[in-house]
Amino acid sequence: MTAPLSPLPVLRLKPRADARSIRHGHPWAWADDLVLDRRARAVPAGALAVLEDAERQPLGLGVATVEAKIGLRLLDRDPAAVIDRSWFDARIGAALALRSTLCDAPFYRLIHAEGDALPGLIVDRFGEVLVMQPNAIWLEEREADVAAALLAATGCRTLIKNGTGRARAAEGLPEVTEVLAGTAPEGPIPVPMNGATYMADVMGGQKTGLFYDQRDNHAFAARLARGARVLDVFSHVGGFALAALAAGAERALAVDASEPALALARGGAVAGDMAERFETRAGDAFAVLEALGAEGAQFDLVICDPPAFAPSKQALDKGLRAYERVARLAAPLVAPGGVLILCSCSHAADLGKFRAACLRGIGRAGRDPRIIHTGFAGPDHPQHPALTETGYLKALAFRLLP
């Protein structure tokens, strides 16, 4: 008996397209690999569509964006799946079960886009407050179901929508920040992590207000910090510096271009009863590194965690030169036998390219490095094996020989 035809539009792969990679787990179909006839081009952005191979065998159900580089993002391997509230309940419930196993306290990334089989959706949890970034048009149209499923699964009372950033602009979505449920926090939310307290501004801070992805790398740096003089560049709200102080660092200097972010970092230092060992300096990171070098400053542990210098392949060469420059300026500030930790959140710069750029910069500074640690985002940021975008974060720790 023949199965009933789906009421959804169908997108078909060209004969030369690699359908096998999709069958084996890749969640995207490139627009160049699709048969884009008049009917296919009429499928509106964000609409559900069934993906078929060149022999018209179904590969799954996804979200069409045929005029973009990625022509379809798979949502479900079952072409007959129904994307409704129950579907979101199942996906979000599975994500929450993983975090409940991994994390002792309700402070973590709850949804990591394709890493949790929810393309375009980012959700961070701050105790009883959720902050979500719906970065794709298909989510915007299903906002009520997403919100209801998140609140029901977690029992949280407040849900904030942070609709800002490049990803939304690429989908033609407006910038908006609003409270979808509950009431906005009256001030920054204290977040316990690695023995320190971080202050997260979930309404006006960068992205969701705090970066959970560096949690494990903060912990590694903290192991090196007892009695150390620490420099944390591109510190945001105190990132590595507060973790180091909580582990017994002698003192720490946090550098960032954002004075509001440094004010939150100082608030975290006060909350952790370590303000007397904490200093901040607002300014361009490159200029501050050069100034510290001119001052002859020395630190036992230096960490540089810059923004994405290479957010795309087109920006890769320029971004790698920026990472090299960071390494060249930071390496002279590390005391003999000290440690330099360099980070990248650019998915376009893979680990090999990033490591090579760091080593060029350290070499140009005349230092002799040894790699003692390679770190990535924590397990609450699961990586999709086929997508470098979900495994964007790299951290390299170099001991610089005396």
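The axes of helix α3 (residues 85-102) and helix α5 (residues 143-154) come within 9 Å of each other and cross at roughly 45°. This is a predicted model, in which local features need pLDDT of at least 70, side-chain atom pairs count only at pLDDT 80 or more, and totals for chains, interfaces and linings use all residues. Residues are numbered from 1 along each chain as its sequence is written, and side-chain values use heavy atoms, with hydrogens and water left out. Helices (H or I, at least four residues) and strands (E, at least two) are DSSP runs numbered from the N terminus.

**Helices α3 and α5**

- Axes here are lines fitted to C-alpha atoms, for helices over the stretch in contact, and angles run from 0 to 180 degrees between N-to-C directions.
- Helices α3 and α5 are therefore oblique to each other; angles under 35 degrees count as roughly parallel, over 145 as roughly antiparallel, 65 to 115 as roughly perpendicular, and the rest as oblique.
- From α3, the residues in the contact are R85, F88, D89, I92 and L96; from α5, they are D145, V146, A148, A149, L150, A152, A153 and T154.
- Contact means heavy atoms within 4.5 Å.
- The contact of α3 with α5 divides into nine nonpolar residues, one polar and three charged.
- Ala, Val, Leu, Ile, Met, Phe, Trp, Tyr, Cys and Pro count as nonpolar, Asp, Glu, Lys and Arg as charged, and the others, Gly among them, as polar.

**Helices α7 and α8**

- Helix α7 (residues 215-223) and α8 have axes that come within 8 Å and cross at roughly 45°.
- That angle makes α7 oblique to α8.
- The crossing of α7 and α8 is right-handed.
- N217, H218, A221 and A222 of α7 meet G239, F240 and A243 of α8.
- By class, the contact of α7 with α8 holds four nonpolar residues, three polar and no charged.

**Helices α10 and α11**

- The axes of helix α10 (residues 285-295) and helix α11 (residues 316-330) come within 9 Å and cross at roughly 25°.
- Helices α10 and α11 are therefore roughly parallel to each other.
- Their crossing is left-handed.
- F286, L289 and E290 of α10 make the contact with A322, R325, V326, L329 and A330 of α11.
- Six of the residues in the contact of α10 with α11 are nonpolar, none polar and two charged.

**Nonpolar cores**

- In soluble globular proteins, nonpolar side chains tend to be buried together.
- A nonpolar core is a set of buried Ala, Val, Leu, Ile, Met, Phe, Trp, Tyr and Cys residues joined through side-chain atoms within 4.5 Å.
- Buried means under 20% relative accessible area, exposed over 50%, and partly exposed in between (1.4 Å probe, protein chains only).
- The largest nonpolar core has 43 residues, and those with the most contacts inside it are F126, V191, Y198, L210, F278 and I341.
- Helix α8 (residues 239-246) gives the most to this core, with six residues.
- Not counting residues up to four places away in sequence, Y198 touches residues including V191, L210, H218, G239, L242 and A243.

- H112 is placed in strand β6 (residues 107-112) and counts as buried at 5% relative accessibility.
- H112 and H381 are 269 residues apart along the chain, and their C-alpha atoms are separated by 5.7 Å.
- Leaving aside neighbours within four places in sequence, H112 is in contact with R99, L121, I122, D380, H381, P382, T390 and Y392.
- H384 is placed in the loop between β18 (369-375) and β19 (394-400) and counts as buried at 16% relative accessibility.
- Not counting residues up to four places away in sequence, H384 touches G25, P27, E114, G115 and T390.

- F234 lies in the loop between β13 (229-233) and α8, and H236 is found in the loop between β13 and α8.
- F234 has a positive phi of about 60° although it is not a glycine.
- H236 has a positive phi of about 55°, and it is not a glycine either.
- F234 is buried, with a relative accessible area of 15%, and H236 counts as buried at 11% relative accessibility.

How values were computed. Left-handed = near helix turned anticlockwise from the far one by under 90°.
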